[in-house]
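Dear colleague,

Please find below the structure that I am handing over to you. My notes on the fold and on the chain contact follow it.

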Amino acid sequence: MKIIYHCFGGSHSSVTAAAIHLGMLDKHKTPSGEELISLPYYDKTNNQDFGSIRFMGEDKQGNQVYVLGKKSLGDRYSNILLGIADILGAKEELMVINCMAEINWIMKIGGFTSRRLRLTWIGRPLVSQGTIWSYNSLTRLVEKTLLELKNKMVKK
Amino acid sequence: MNIVFVGTTGIHHVLLATHYYLYNRLPENWEDIKYFGNVKVEQEGLPIYIDNDNKQNRIFALGVGADLAMAKKSIDQLVLILGKSQKDLLVRPIRIKGEKLILWLNRWITKKKPVKLNNQMIKMFISPQIPIIKKQVLDFKQTLPNNNI
């Protein structure tokens with residue numbers, strides 16, 4: 001199974017969700033800013049990364065987890081990707097999760113300042129603090145995804 | 001093989017491109033083609049199956065929003081991630097002038113619903129660009145392994 005977590009820039013909420021999924025972050029303990037910054041891709045993307053489906057790792061069940069930045073296209077992008085998978089007869093092998101609903105304004109402002117304006121010294125502390133505040137929501141999203149994944153595997 | 005024509009919207013110029021690709025002509029009243037200006041279909045964001053070509057390739061139209069290059073990149077990568085290749089799915093962007101304006105009009109229509117007026121405006125934009133759409137389709141056909149012309 002391939003699981004793609006996506007958000008605006010593929011740099012913060014999707015990376016955090018993927019890291020929770022992969023066990024890189026403990027879902028029972030809120031991470032520190034340093035832990036977040038040390039994640040692969042966290043606050044490290046640039047404009048060329050929009051649209052790139054980047055591999056984050058493989059979970060314990062052998063599912064491949066990816067992250068993607070798709071600007072403001074929302075759930076529509078999930079449908080585009082699932083539609084393409086359907087054409088290829090691989091819809092059941094793919095899960096696409098939109099993380100945009102779990103982010104807060106501090107993440108948006110911090111992400112914009114760090115990634116778009118390149119003012120990392122202001123943006124990075126803001127976005128990591130925002131991520132910490134959204135951590136419980138992101139954890140719930142991942143748990144829901146893992147449950148759906150389990151149900152899919154049982155059906156298979 | 002599957003061929004997906006993509007553009008800012010899938011229910012306007014891209015839809016015409018699929019028809020020209022399949023039938024080598026466009027009907028006089030091309031705004032009456034099935035799905036043309038169908039906002040509901042567009043909103044779903046799913047590829048629209050049109051027909052099979054003479055080589056039994058399945059032909060789709062797909063609207064991907066303002067950033068065509070980004071969407072093409074994602075689709076091309078997804079194909080590889082799913083263990084497939086260009087032999088299974090080809091993506092062909094169709095571009096016209098004012099394509100982002102069409103996208104904007106299409107979004108506006110979903111809120112205000114003046115379908116007829118909107119389609120008339122979009123038709124005005126597309127009409128002079130039919131030769132551009134046809135040229136892109138013909139250029140694409142030339143690149144296919146077993147030329148379909």
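In chain A of this predicted model, 69% of the contacts with a separation of 6 or more are accounted for by residues 24 or more positions apart. Chain A contains five helices and four strands, and their order along the sequence is β-α-α-β-β-α-β-α-α. Its C-alpha trace spans about 45 × 30 × 20 Å along the principal axes. The radius of gyration of chain A is 15 Å, which agrees with the value near 15 Å for a compact globule of 156 residues. Of the 156 residues of chain A, 56% count as buried.

I turn now to the interface. Chain A contributes 27 residues to the contact and chain B contributes 28 residues. Between them the two chains bury about 2200 Å², with 67% of this area on carbon and sulfur atoms. On the chain A side, the most area is lost by Arg76(A), Ile87(A) and Leu88(A), which together make up 31% of what that side buries.

The rule finds two salt bridges across the interface of chain A and chain B. One of the residues named above, Arg76(A), forms a salt bridge through its side chain with Glu42(B), at 3.1 Å from N to O. Twelve residue pairs are in polar contact between the chains.

β1 (2-7), β3 (64-69) and α3 (74-87) of chain A each provide at least two residues of the side that touches chain B. Of the elements of chain A, α3(A) gives the most to this side, with nine residues. By type, the side comprises 15 nonpolar, six polar and six charged residues.

With kind regards

Terms used: Residues are numbered from 1 along each chain as its sequence is written. Chains are lettered from A and ligands numbered from 1 in the order in which they are written. This is a predicted model: local features need pLDDT of at least 70, side-chain atom pairs count only at pLDDT 80 or more; totals for chains, interfaces and linings use all residues. Side-chain values use heavy atoms; hydrogens and water are left out. Contact means heavy atoms within 4.5 Å. Buried area is the accessible area (1.4 Å probe) that two parts lose on being put together, summed over both. A salt bridge is a side-chain nitrogen of Lys or Arg within 4 Å of a carboxyl oxygen of Asp or Glu. A polar contact is a pair of N or O atoms within 3.5 Å; within protein, one must be able to donate a hydrogen and the other to accept it, and residues adjacent in sequence count only if both atoms are side-chain atoms. Ala, Val, Leu, Ile, Met, Phe, Trp, Tyr, Cys and Pro count as nonpolar, Asp, Glu, Lys and Arg as charged, and the others, Gly among them, as polar. The radius of gyration is taken over C-alpha atoms; the globule rule is 2.2 Å times the number of residues to the power 0.38. Buried means under 20% relative accessible area, exposed over 50%, partly exposed in between (1.4 Å probe, protein chains only).
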